Amino acid sequence: MRFRSKQIHAGVSPDPTTGAILTPIFQSTTFVQESVDEYLSKGYSYSRSGNPTVRALENKLTVLEGGADTICFGTGMSAVTCTMLAFLSAGDHAIISDVAYGGTYRLCTKVLNRFGIEFSFADTSNPDDVQARVQKNTKLFLTETPANPTMKLSDIAAISEISKEAGAIHVVDNTFLTPYFQKALDLGADLSLHSTTKYFDGHNATVGGAVISKTAELDEQIRFIQNSTGSIMSPMVAWLTLQGCKTLSIRMEQQSANAMAIAKFLESHPKVKQVAYPGLESFSQHELAKKQASGFGAMMWFEVKGGLQAGKQLMDSIELWTLAENLGSVESLVTHPVTMTHAAVEEAERIRVGIIDGLVRLSVGLEDVEDLIEALDKALESV
Ligand SMILES: Cc1ncc(COP(=O)(O)O)c(C=O)c1O
């Protein structure tokens, strides 16, 4: 099957008892056992350790990403946390993209560091910088590409090579492009991680996470931590995400096409100082974007001439676009990462990595692109 058929049919089948075409929401804590000797004969015991609705989503994501197995979590952050806990112990070292979602940075610098795990933040757009930070105790690499919010790209194949040589695990946060546009495992990553909150859901309805593993052994290690810490996805969230998955490719294609048109509009607007969208030829890593992904996605940022004040005025006054956190949904969103998604990153660090005060992040949705552009034009006229 090709991607569009897989996104609809993989992992699910009509309910054997009723014929319901959609996988039911198995809202049940526990599962009745046939006998002590036949414990787990139907595959389930207790919903922290496994639930049929969640399992259907896991099976679908495994097929879409081309992995060995998938684990779904309550949030993208619990996916990041459990993955790190699975492969890092006190005395170990990990190399993380110096631009990543603010919550990932906070987890490393304010939580896991307290347990004796050491983190280095590398410019993962430069494999030499990554190589230079490798230590004897480096056990894990996490690259977020494209990175939230600067859109910096990391060469997945090159960093996977470095990770392999170091005997470490390479985790790629593939949230921004999804397997529809970027096959992180095929490019060499060991694990592809997602905040399913974003494009898999696609409708601003749920918060969830997933990790797709290249091998069953990796999956088992993470699943043990998930069951031990109780970081599970609920059946209701899995059910909603299953429905979102069915239109993933269509949404990604159209949102990406909308994004390209918007990026070109912004690039030519006299009040815009700079635009960063991997699909633009002016984007410094445009060639890498073309090499490792089949589409450019629907995330970008721009800076209004006049910096922070002008940007704030635009975000506060713009129509149709919604000022909110989150990304990847059908509703177009505008976000100010410095006060919102990346507030946990210290000022000096965020400026060093390019999260400038006036950065306006756009998550382009599915509205008519003409309406989105007209709204941007009107807001830009007013600043
Ligand atoms: C790239 C990326 N990874 C992980 C996360 C964390 O996901 P969640 O908010 O579902 O916990 C986010 C959230 O914005 C994100 O943008």
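**Working through the model**

Tutor: Ile225 is found in helix α8, residues 216-229. Keep in mind that this is a predicted model.

Student: Is Ile225 buried, exposed or partly exposed?

Tutor: Ile225 counts as partly exposed, because it has 17 C-beta neighbours inside 10 Å. The cut-off for buried is 20 or more.

Student: Which residues does Ile225 touch, leaving out those up to four places away in sequence?

Tutor: Cys82, Leu85 and Ala86.

Student: And where is Ile225 relative to Leu359?

Tutor: Their C-alpha atoms are separated by 37 Å, and the two residues are 134 apart along the chain.

Student: Leu359 is in β12, then. How many of the 5 residues of β12 are buried?

Tutor: 5 of the 5 residues in β12 (359-363) are buried, so the strand is largely enclosed by the rest of the structure. Leu359, Arg361 and Ser363 are on one side, Val360 and Leu362 are on the other, and both faces are covered.

Student: Which way does β9 run against β12?

Tutor: Antiparallel, with 5 bridges joining β9 (residues 299-304) to β12. Met300 has Leu362 as its bridge partner there.

Student: What about β11 and β12?

Tutor: Strand β11, residues 333-335, pairs with β12 over 3 bridges in the antiparallel sense. Val334 stands opposite Leu362.

Student: Change of topic: α4. Which of its residues are buried?

Tutor: In α4, residues 102-111, the buried ones are Thr104, Tyr105, Leu107 and Cys108. They are on the same side of the helix, because they cover an arc of only 160° around the axis.

Student: Now the ligand. Which residues come nearest?

Tutor: Thr75, Gly76, Met77, Tyr101 and Ser195, out of 14 residues around the ligand. By class, the shell has 9 polar, 3 nonpolar and 2 charged residues.

Student: What is phi for Met151?

Tutor: Near 75°, a positive value in a residue other than glycine. Met151 also has its place in the loop between β4 and α6, and it is buried, with 25 other C-beta atoms within 10 Å.

Student: And phi for Thr178?

Tutor: Phi of Thr178 is near 60°, again positive in a residue other than glycine. Thr178 lies in helix α7, residues 178-181, and is buried, with 28 other C-beta atoms within 10 Å.

Student: Last, the whole chain. How many helices and strands are there?

Tutor: The protein has 14 helices and 12 strands. Its radius of gyration is 21 Å, close to the 21 Å that the globule rule gives for 383 residues, so it is as compact as a globular protein of that length. Of those 383 residues, 52% count as buried.

Technical notes:
Residues are numbered from 1 along each chain as its sequence is written. This is a predicted model: local features need pLDDT of at least 70, side-chain atom pairs count only at pLDDT 80 or more; totals for chains, interfaces and linings use all residues. Helices (H or I, at least four residues) and strands (E, at least two) are DSSP runs, numbered from the N terminus. The radius of gyration is taken over C-alpha atoms; the globule rule is 2.2 Å times the number of residues to the power 0.38. A residue is buried if 20 or more other C-beta atoms lie within 10 Å of its own, exposed if 12 or fewer, and partly exposed in between; C-beta atoms are placed from the backbone. The arc is that of the directions from the helix axis to the C-beta atoms. A residue is near a molecule or strand if its C-beta atom, placed from the backbone, lies within 6 Å of it. Ala, Val, Leu, Ile, Met, Phe, Trp, Tyr, Cys and Pro count as nonpolar, Asp, Glu, Lys and Arg as charged, and the others, Gly among them, as polar. Two strands pair if DSSP finds at least two bridges between them. Two residues are in contact if their C-beta atoms, placed from the backbone, lie within 7 Å.
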